[in-house]
Amino acid sequence: MTDKPVVRRAQVQEDVADAIAYYLEQDAPDAAEAFITALEKAIGHIGRHPASGSPRYAGELGLSDLRFWQVKRYPYLVFYVECDDHIDIWRILHGQRDIPAWMREPE
């Protein structure tokens, strides 16, 4: 199986910046750097094995193809949809948030 290209929505950049800012505010630059490494590994895994993510929030949000994969050793979840020719990364959110509220499109 070959990797599918991964496309990150604009919101993903903000989500990652927020996570990094949190670790830097905690005076944990090593954790911020390790988070980026773990996130890239998670996204690589999704590109290779898109069906392995959990569909837990798909029904609640009315998005039947939505899946997520947890970033190893971090409380962040990568939300994505597998398309025919790529993986569409929607959000990267802390698992303790109100996921359905955060996943809804801003008005």
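Contact here means heavy atoms within 4.5 Å.

Some ground rules. This is a predicted model, in which local features need pLDDT of at least 70 and side-chain atom pairs count only at pLDDT 80 or more, while totals for chains, interfaces and linings use all residues. Residues are numbered from 1 along each chain as its sequence is written, and side-chain values use heavy atoms, with hydrogens and water left out.

Start with His45. You will find it in helix α2. Helices (H or I, at least four residues) and strands (E, at least two) are DSSP runs, numbered from the N terminus. Setting aside neighbours within four places in sequence, His45 touches Ser52 and Trp69 by the contact rule. Its side chain makes a polar contact with the side chain of Ser52, at 2.8 Å. A polar contact is a pair of N or O atoms within 3.5 Å; within protein, one must be able to donate a hydrogen and the other to accept it, and residues adjacent in sequence count only if both atoms are side-chain atoms.

Is His45 buried or exposed? Buried, with a relative accessible area of 19%. The cut-offs: buried is under 20% relative accessible area, exposed over 50%, partly exposed in between, with a 1.4 Å probe and protein chains only.

Now strand β4. It covers residues 87-94, and Arg91 is in it. Seven of the eight residues of β4 are buried. What does β4 pair with? Two strands pair if DSSP finds at least two bridges between them. Strand β1 (residues 6-8) pairs with β4 in the parallel sense, over three bridges. There, Val7 has Asp88 as its bridge partner. Strand β3 (residues 76-82) pairs with β4 in the antiparallel sense, over seven bridges. Leu77 stands opposite Leu93 of β4. A hairpin of four residues joins β3 to β4.

On to Arg91 itself. Is Arg91 buried or exposed? Buried, at 10% relative accessible area. What does its side chain reach? The side chain of Asp15, in a polar contact of 2.8 Å. Beyond neighbours within four places in sequence, the contacts of Arg91 include Gln11, Val12, Trp102 and Met103. Leu77 is also among them, and that is the residue standing opposite Leu93.

To recap. His45 in α2 has a side-chain polar contact with Ser52. Arg91 in β4 has one with Asp15.
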